[in-house]
Amino acid sequence: MRLDRFLWFARVAKTRSAAQAIAADGRVRIDGRAVDRAHAAVRIGNVLTFICNGRVRVLRVAALPPRRGPPPEGRACYDEIEAAP
């Protein structure tokens, strides 16, 4: 699944264009590897690290959502990992 679609489907980003901006910003890391494109592949088990709203978020992908559903369905697709201060 594309990185921008995952961020939008999992309701990390409010809009698809906001998800594309996060992905293209160049500050997203997938399993520690810097990514600067919205079409980077995301798989189950990947760890995503990025800055969102002024804080570092670290997410482990638990499932790939088939659609952009309600917020609880989106939150079930990832596990939030506590970022080091």
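## Arginine 68 and its surroundings

Once the neighbours within four places in sequence are set aside, arginine 68 is in contact with Trp8, Phe9, Arg11, Ala13 and Lys14. These contacts, like every value in this report, are computed from a predicted model. Arginine 68 sits in the loop that runs between strand β4 (55-61) and helix α3 (71-75). With a relative accessible area of 27%, arginine 68 is partly exposed. Its side chain reaches the backbone oxygen of tryptophan 8 at 2.9 Å, and a polar atom of the side chain of arginine 68 also lies 3.2 Å from the backbone oxygen of lysine 14. As for separation along the chain, arginine 68 and asparagine 53 are 15 residues apart in sequence, and their C-alpha atoms are separated by 21 Å.

## The chain as a whole

The chain contains 3 helices and 5 strands, and in sequence order these elements follow the pattern α-α-β-β-β-β-α-β. The radius of gyration of the chain is 11 Å, close to the 12 Å that the globule rule gives for 85 residues, so the chain is as compact as a globular protein of that length. Taken along the principal axes, the box filled by the C-alpha atoms is roughly 30 × 25 × 25 Å.

Of the 85 residues in the chain, 35% are buried. Among the contacts with a separation of 6 or more, 37% are accounted for by residues 24 or more positions apart. The accessible surface of the chain comes to about 5,000 Å², and 50% of this surface belongs to carbon and sulfur atoms. The side chains include 16 positive and 8 negative ones, with the centres of the two sets lying 5 Å apart.

Arginine 57 is buried, with a relative accessible area of 10%, whereas arginine 55, at 47% relative accessibility, counts as partly exposed. Leaving aside neighbours within four places in sequence, arginine 57 is in contact with Val12, Leu48, Thr49, Phe50, Cys52, Tyr78 and Glu80, while arginine 55, on that basis, is in contact with Phe50 and Glu80. The side chain of arginine 57 makes a polar contact with the side chain of glutamate 80 at 2.8 Å. The C-alpha atoms of arginine 55 and alanine 41, which are 14 residues apart along the chain, are separated by 23 Å.

## Aspartate 4 in helix α1

Aspartate 4 belongs to helix α1, which spans residues 3-9. Is aspartate 4 buried or exposed? At 0% relative accessibility, aspartate 4 counts as buried, because the cut-off for a buried residue is a relative accessible area under 20%. The side chain of aspartate 4 makes a polar contact with the side chain of arginine 2 at 3.0 Å. Beyond its neighbours within four places in sequence, aspartate 4 is in contact with Arg16, Ala19, Gln20 and Ala38.

Arginine 11 has a phi near 65 degrees, a positive value in a residue other than glycine, and its place is in the loop between α1 and α2 (16-24). Aspartate 31, although not a glycine, has a positive phi of about 55 degrees, and its place is in the loop between β1 (28-30) and β2 (33-35). Arginine 11 counts as partly exposed at 34% relative accessibility, and aspartate 31 counts as partly exposed at 49%.

## Accessibility side by side

The table gathers the relative accessibility of the residues discussed above.

| Residue | Relative accessibility | Class |
|---|---|---|
| Aspartate 4 | 0% | buried |
| Arginine 11 | 34% | partly exposed |
| Aspartate 31 | 49% | partly exposed |
| Arginine 55 | 47% | partly exposed |
| Arginine 57 | 10% | buried |
| Arginine 68 | 27% | partly exposed |

Notes. Residues are numbered from 1 along each chain as its sequence is written. This is a predicted model: local features need pLDDT of at least 70, side-chain atom pairs count only at pLDDT 80 or more; totals for chains, interfaces and linings use all residues. Side-chain values use heavy atoms; hydrogens and water are left out. Helices (H or I, at least four residues) and strands (E, at least two) are DSSP runs, numbered from the N terminus. The radius of gyration is taken over C-alpha atoms; the globule rule is 2.2 Å times the number of residues to the power 0.38. Buried means under 20% relative accessible area, exposed over 50%, partly exposed in between (1.4 Å probe, protein chains only). Contact means heavy atoms within 4.5 Å. Accessible areas come from the Shrake-Rupley method with a 1.4 Å probe; for residues, only the protein chains shown count as cover. Lys and Arg count as positive and Asp and Glu as negative; His and the chain ends are not counted. The place of a charge is taken as NZ of Lys, CZ of Arg, CG of Asp or CD of Glu. A polar contact is a pair of N or O atoms within 3.5 Å; within protein, one must be able to donate a hydrogen and the other to accept it, and residues adjacent in sequence count only if both atoms are side-chain atoms.
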